[in-house]
Amino acid sequence: MQRFNSLEYIKNSYNARISQIAEERKTGKKIVGTFCLFVPDEIIFAAGADRIILCGGKNETVSIAEQYLPRNICPLVKSSFGSIVNNGCSGVKSCSHFGMVDMVVAENTCDSKKKMYELLGDYVPTYVIDLPQRPDSPEALKYFLGELYKFKGAMEQLTGNKVTIEQLKKEIESSNETRKLFHKLYGLRKMDPPPISGVDVLKVLQKQYFLSTEELKKSLRMLICEVEQVEVEWAHKPRIMISGCPMAGGNTKIPEIIESKGGVIVAEESCTGTRSFWDLVDEDKDPMLALAERYIKIPCSCMSPNNRRIDNILELAREFKVDGVVYYTLQFCHGYNIERYKVQQALKKAGIPMLAIETDYGDSDLEQIGLRVDAFMEMLS
Amino acid sequence: MISVGIDSGSATTKAVLLNDGRIAAHVILPTAFDFLLAAEKAYKDVLADAGVDKTDVNHVCATGYGRNSIKFADRTISEITAHAMGVYHLYPDVNGIIDIGGQDSKVISVNGGRVTDFLMNDKCAAGTGKFLEYTAKALELPIEELGRLALTSKTPASITSMCTVFAESEAISLRARGFRKEDIAAGLIESVARRVAVMARQVGLKQNVAFVGGVAKNAGIKVALEKELGISLYVPPEPQVTGALGAALYCSS
């Protein structure tokens, strides 16, 4: 596959971003660490704070976390917690940002995260947004809106800045711009074969909440421009959609296997994927209400019922002309693991084959997963 | 046309030589440490058995856990596809395959020889040949005896542990409580059958199901699986070589 200069640029952006954050802190700017798509960036930025993502995708800090947390919870929660209590990733470069946040803004999604945040509060100031989990009830929206107002207050208190309607509107426009850029990039993946690999796209997605919005948009524009120039030779590869758990920075395990076995990933129904940018925020409404309406509809498996996710998967599969779905879950992620059954039934009905893979951040199962993926590719071609 | 399929498994290496679509010879030997060495020996033996010279072989295809170590193979194929092709060749009406090998078990749904869905258990020894090997040891029995003895049991003991290590201690504690050997053996066999049957039901195997892999040679497991699933299973005369046969067929296609 093509090598893109803009990807090299994104890859090398880590150190620049770290220096930027260090500089910002010197000038008194507050840095907020987040884990989850349910935390609206727009409010953080409107308060004049900066934001970096803290989701851990590296295996090295899992064992550090196991001194505090049970072994049988998901590796993302363990890796993140381990990185934060360790102020970095123990000898792993590109990890120091974990020790640079003034406040963690968390959210009540799954049990493991929820309870982990209670422990995290001992190490770093942690603010938790409570998330109602019946997204379609009118009460839920009202409650979530209230939570967002409280969160806005907390951000104002942290930064000493007032969040104005104008500032919020500006940030909403800016975030929508980023979302539209991702739509444009994904649009190019509808070609057969797509001009960019899934592993490459994932590397951008993993930096989505790490880079400053300006850097992210600049990188995306550069990448889109490069991808548009690509002339692909025709060769049909099975078109795969990954659906399931997030693939946090440092974790490209499953996409790497899929694409090394002859498949090509054309879409990710994931937090590191469509769930992060698919819906825009309505720019014509009251900004706080528009944010609440947009964010509460993110089809995370902590929601119940979560039929919106099933509909979304079927819609994406059609739109991206998917040959097969790899249902990817992290070990002990009960929400996505249990939802697998419903997704499998829906895909079966639609005539789309699905392969389920449950794994962690370790390498011990590479061979076994490789075999399943080999067989799945043989099945699709 | 002459093609050879080699199935490089964790416990045994199998080779099948096809001459114009007809099985001319097959061999099974222990894999031991070196996958490539075992494959080379299996290749040599199957050529000798069939009385074929190496230079007359058109293609060699490899499958199985060690498939990528078989340097002299022209192509490789996953054992899931290989089993489907091999079993379909023997039973053209087959709709499902249960394969229990040394370190994993698989259930495969097939339609016209093509794989339509599959499930594997490979992270844990539950429901595999390894489970039987360990637990047979706890009963001081050679593994071949385990199944035979289990068939004589009238009141199988209940083994609830799926984990091989715990099942072994469970078997020992049943021994200490005075349970008969055949009843414990039957309990162990039923526990493997139960585990595999859950997978078979998940994939939706119903009729025309073949049982292959090394463990299919164990009559006790076959009976227990048939009881658990409520169907009768096809077991080929040589259930261990369907993967190698499939690889050979893949090569000649």
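Two residues are in contact if their C-beta atoms, placed from the backbone, lie within 7 Å. Nine residues of chain B are in contact with eight residues of chain A. Within chain B, the elements giving two or more residues to the side that touches chain A are α2 and β8 (114–121). Helices (H or I, at least four residues) and strands (E, at least two) are DSSP runs, numbered from the N terminus. The largest share of this side of chain B, three residues, comes from β8(B). Sorted by class, the side of chain B that touches chain A has five nonpolar, two polar and two charged residues. For these classes, Ala, Val, Leu, Ile, Met, Phe, Trp, Tyr, Cys and Pro count as nonpolar, Asp, Glu, Lys and Arg as charged, and the others, Gly among them, as polar.

A word on reading the model: it is predicted, local features need pLDDT of at least 70, and side-chain atom pairs count only at pLDDT 80 or more, while totals for chains, interfaces and linings use all residues. Residues are numbered from 1 along each chain as its sequence is written, and chains are lettered from A and ligands numbered from 1 in the order in which they are written.

Now turn to chain A as a whole. Chain A has 16 helices and eight strands. Its radius of gyration (taken over C-alpha atoms) is 20 Å, close to the 21 Å that the globule rule gives for 381 residues, so chain A is as compact as a globular protein of that length. The globule rule is 2.2 Å times the number of residues to the power 0.38. Along the principal axes, the C-alpha atoms of chain A fill a box of roughly 60 × 50 × 45 Å. Of its 381 residues, 48% count as buried. A residue is buried if 20 or more other C-beta atoms lie within 10 Å of its own, exposed if 12 or fewer, and partly exposed in between, with C-beta atoms placed from the backbone. Among contacts in chain A between residues at least 6 apart in sequence, 74% join residues at least 24 apart.

Some helices of chain A deserve a visit. Helix α2 (residues 13–26) of chain A has 14 residues, which at 1.5 Å a residue should span 20 Å; its end C-alpha atoms are 20 Å apart, which agrees. The expected span is 1.5 Å times one less than the number of residues. After α2(A) comes G28(A), whose phi is positive, near 95°.

Helix α8 (residues 165–188) of chain A has 24 residues and should span 34 Å, and its end C-alpha atoms are 35 Å apart, which agrees. Among the buried residues of α8(A) are L168(A), I172(A), F182(A) and L185(A). The buried residues of α8(A) pack against several elements of chain A, including α10 (213–229), β6 (264–269) and α13 (287–296).

Next, find N312(A) in helix α14 (residues 307–319) of chain A. N312(A) is partly exposed, with 19 other C-beta atoms within 10 Å. Not counting residues up to four places away in sequence, N312(A) touches E269(A) and P299(A). N312(A) and E269(A) are 43 residues apart in sequence and 8.3 Å apart in space, C-alpha to C-alpha.

Chain B comes next. Chain B has eight helices and nine strands. Its radius of gyration is 18 Å, close to the 18 Å that the globule rule gives for 253 residues, so chain B is as compact as a globular protein of that length. Buried residues make up 54% of the 253 residues in chain B.

The domain assignment of chain B, which comes from an automatic or database source, gives domain 1 (2–83 + 241–252) and domain 2 (94–235). Their centres, taken over C-alpha atoms, are separated by 26 Å. Eight residues of domain 1 of chain B are in contact with 12 residues of domain 2 of chain B. Helix α2 (residues 79–90) of chain B gives the most to the side of domain 1 that touches domain 2, with three residues.

Finally, look inside. A nonpolar core is a set of buried Ala, Val, Leu, Ile, Met, Phe, Trp, Tyr and Cys residues joined through C-beta atoms within 7 Å. Of the 192 residues in the largest nonpolar core, I6(B) and I97(B) touch the most other members. Helix α6 (residues 181–203) of chain B gives the largest share of this core, 10 residues. Domain 1 and domain 2 of chain B both give residues to this core, so it lies between them.
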